Amino acid sequence: MTQTNSSAKKPTQKLVVANWKMHGNLQQNAVLLGNFVKHLSSLKHTQVVVCSPYPYLAQLQSLLQNTHIAWGAQNVAKSEFGAFTGEVSALMLADFGCKFVIIGHSERSTAYCESDENIATKFVHAKKHGLTPILCVGETLIEREAGVMEMVVGKQLDAIINTHGAAVFANTVISYEPIWAIGTGLAATPEQAKSMHLFIRNKIANLNLDAANELKILYGGSVNPQNAVQLFVVESIDGGLIGKCSLYAQEFAEICLAAEQSAA
Ligand code: PGA
């Protein structure tokens with residue numbers, strides 16, 4: 001595509017993704033999803049997505065189809081099929097109506113030693129099969145204190161850029177998730193998030209402006225109804241990836257409302 005714009009612009013529609021992690025059961029999920037459908041179906045400027053553990057994707061499909069809420073998984077295999085015990089492919093996720101998949105969350109890359117290269121393969125594979133990958137990037141506290149957070153996140157992006165080019169980021173999602181902020185109650189400040197979001201978008205814009213313009217960049221890490229208001233008004237923040245608060249209907253609804261109001 002011809003590149004006519006001179007600077008990257010942010011998408012206007014907000015995106016809020018619930019990452020349930022390894023929580024829930026059939027009964028609790030039914031109650032929570034019922035609440036989400038009741039309170040979040042009428043949002044006009046905010047796309048809401050729920051990412052559950054694999055076994056509940058059929059439940060999500062049955063309770064969320066014909067609503068405005070989309071669903072997805074928290075990981076995907078890097079192959080299409082084969083002798084890979086315990087893995088779930090992008091084709092299987094699509095079979096259950098998934099539109100999104102979280103890739104490279106630090107809780108996985110740390111505990112299961114996922115390399116940046118592995119994450120890059122999953123990202124491209126998910127996209128190839130029609131899923132929107134949500135790529136998680138972020139630095140540790142030690143890296144932030146050492147001032148090398150941009151270098152760290154840049155390297156995580158380079159794993160994809162160097163093998164597949166920057167164009168692959170078009171119509172995908174990156175979630176900036178400082179590891180020190182995940183599950184700690186200590187969210188990044190709007191200034192810290194803004195600065196990293198600009199770094200990410202500019203890095204991609206310098207290589208492919210169209211891809212940067214068609215990319216959503218979320219913030220994740222201890223988002224709650226209070227800090228969501230301050231974070232989502234930041235122009236470079238397109239929404240959030242929400243862990244703990246997505247397990248509580250009222251708090252998650254307030255976070256989605258904060259997104260809606262900031263986009264309106
Ligand atoms: P948290 O999780 O909201 O519980 O901090 C965020 C995440 O894991 O992305």
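Student: In this predicted model, what counts as a salt bridge?

Tutor: The model is a prediction. A pair qualifies when a side-chain nitrogen of Lys or Arg meets a carboxyl oxygen of Asp or Glu under a distance cut-off. That cut-off is within 4 Å.

Student: How far apart are the closest N and O atoms of glutamate 114 and lysine 122?

Tutor: Glutamate 114 and lysine 122 form a salt bridge, and such a bridge needs N and O within 4 Å. The closest N and O atoms of this pair are apart by 2.8 Å.

Student: Is lysine 122 buried or exposed?

Tutor: Buried means under 20% relative accessible area. Lysine 122 has 5% relative accessibility, so lysine 122 is buried.

Student: Which residues are linked with Glu114 in a network of salt bridges?

Tutor: Glutamate 114 has a salt bridge to lysine 122. Glutamate 114 also meets arginine 108 through their side chains, at 3.7 Å from N to O. Glutamate 114 is buried at 10% relative accessibility, whereas arginine 108 is partly exposed at 25%. The residues linked with Glu114 in the network are Arg108 and Lys122.

Student: Which helices does the salt bridge between lysine 155 and aspartate 116 link?

Tutor: The closest N and O atoms of lysine 155 and aspartate 116 are 3.7 Å apart. The two residues lie 39 residues apart and link distant parts of the chain. Lysine 155 belongs to residues 149-164 and aspartate 116 to residues 116-128, which are helix 7 and helix 5.

Student: Why is lysine 155 called exposed while aspartate 116 is called partly exposed?

Tutor: Exposed means over 50% relative accessible area, and partly exposed lies between that and the 20% limit for buried. Aspartate 116 is partly exposed because its relative accessibility is 22%. Lysine 155 is exposed because its relative accessible area is 54%.

Student: How many salt bridges does the structure hold?

Tutor: Those discussed here include glutamate 114 with lysine 122 and lysine 155 with aspartate 116. The total for the structure is 8.

Student: Where is alanine 188 found, and which residues is alanine 188 in contact with, leaving aside its neighbours within four places in sequence?

Tutor: Alanine 188 sits in the loop that runs between strand 6 (173-176) and helix 8 (190-207). Its relative accessibility is 5%, so alanine 188 is buried. With neighbours within four places in sequence set aside, its contacts are Pro178, Trp180, Ala181, Ala193, Tyr219 and Leu231.

How values were computed: Residues are numbered from 1 along each chain as its sequence is written. This is a predicted model: local features need pLDDT of at least 70, side-chain atom pairs count only at pLDDT 80 or more; totals for chains, interfaces and linings use all residues. Side-chain values use heavy atoms; hydrogens and water are left out. Buried means under 20% relative accessible area, exposed over 50%, partly exposed in between (1.4 Å probe, protein chains only). Contact means heavy atoms within 4.5 Å.
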